[in-house]
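Thanks for coming. I have one structure to go through today, and I will keep it short. Here it is on the screen.

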Amino acid sequence: MVLDELRIAARCSYLKVTLGSRPGGNLVNLCRHIIRDGSACVGPFLDDHETQCGLWELAPPGPGSRPA
Ligand code: SF4
């Protein structure tokens with residue numbers, strides 16, 4: 001399967017990466033989907049590992065997206 005066809009959590013349109021509340025600037029991956037809004041994304045965040053999340057949708061291309 002081509003990498004761009006994988007359901008990668010990091011490429012979900014509902015993902016929001018932000019700073020956590022702990023000192024030290026830890027990053028947290030939050031879900032903005034209406035069903036899970038504000039919860040942690042189920043991930044995983046490992047290269048080439050697909051998410052099992054049934055709510056996943058591919059994010060549209062943007063400034064931070066990888067070239068096809
Ligand atoms: S929990 Fe599912 S819908 Fe929410 S950001 Fe993660 S992969 Fe996307």
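Before I place anything along the chain, one term: strands here are DSSP runs of E with at least two residues, numbered from the N terminus. With that in hand, S39 sits in the segment after β2. Please keep in mind that this is a predicted model.

First, the overall picture. The protein has two strands and zero helices. It has 68 residues, and 12% of them are buried. If you take the contacts between residues at least 6 apart in sequence, 44% of them join residues at least 24 apart.

Now the core. Which residues form the largest nonpolar core? There are seven: I8, A9, C12, L15, C31, C41 and W56. Let me pick out L15. Leaving aside residues up to four places away in sequence, L15 touches A9, A10, N29, C31 and C41. Three of those names, A9, C31 and C41, are on the core list as well.

Next, the ligand. There are 13 residues around the ligand, and those that come nearest are C12, C31, C41, C53 and L55. By type, the shell divides into 10 nonpolar residues, two polar and one charged.

Is R36 buried, exposed or partly exposed? It is partly exposed, because R36 has 15 C-beta neighbours inside 10 Å. Not counting residues up to four places away in sequence, R36 touches C31 and L55. R36 and Y14 are 22 residues apart along the chain, and their C-alpha atoms are separated by 9.6 Å.

Back to S39. S39 counts as exposed because it has 11 C-beta neighbours inside 10 Å, and the cut-off for exposed is 12 or fewer.

The peptide bond joining G43 and P44 is cis, with omega about 5°.

Last, D48, again after β2. D48 is not a glycine, yet its phi is positive, about 65°. D48 has 8 C-beta neighbours inside 10 Å, so it counts as exposed.

That is what I have. I am happy to go back to any of these on the screen.

Conventions
Residues numbered from 1 in each chain as written. Predicted model: local features only at pLDDT ≥ 70, side-chain atom pairs only at ≥ 80, totals over all residues. Near = placed C-beta within 6 Å. Nonpolar A, V, L, I, M, F, W, Y, C, P; charged D, E, K, R; others polar. Helix = DSSP H or I, 4+ residues; strand = E, 2+ residues; numbered from the N terminus. Buried ≥ 20, exposed ≤ 12 C-beta atoms within 10 Å, placed from the backbone. Core = buried A, V, L, I, M, F, W, Y, C linked by C-beta atoms within 7 Å. Contact = placed C-beta atoms within 7 Å.
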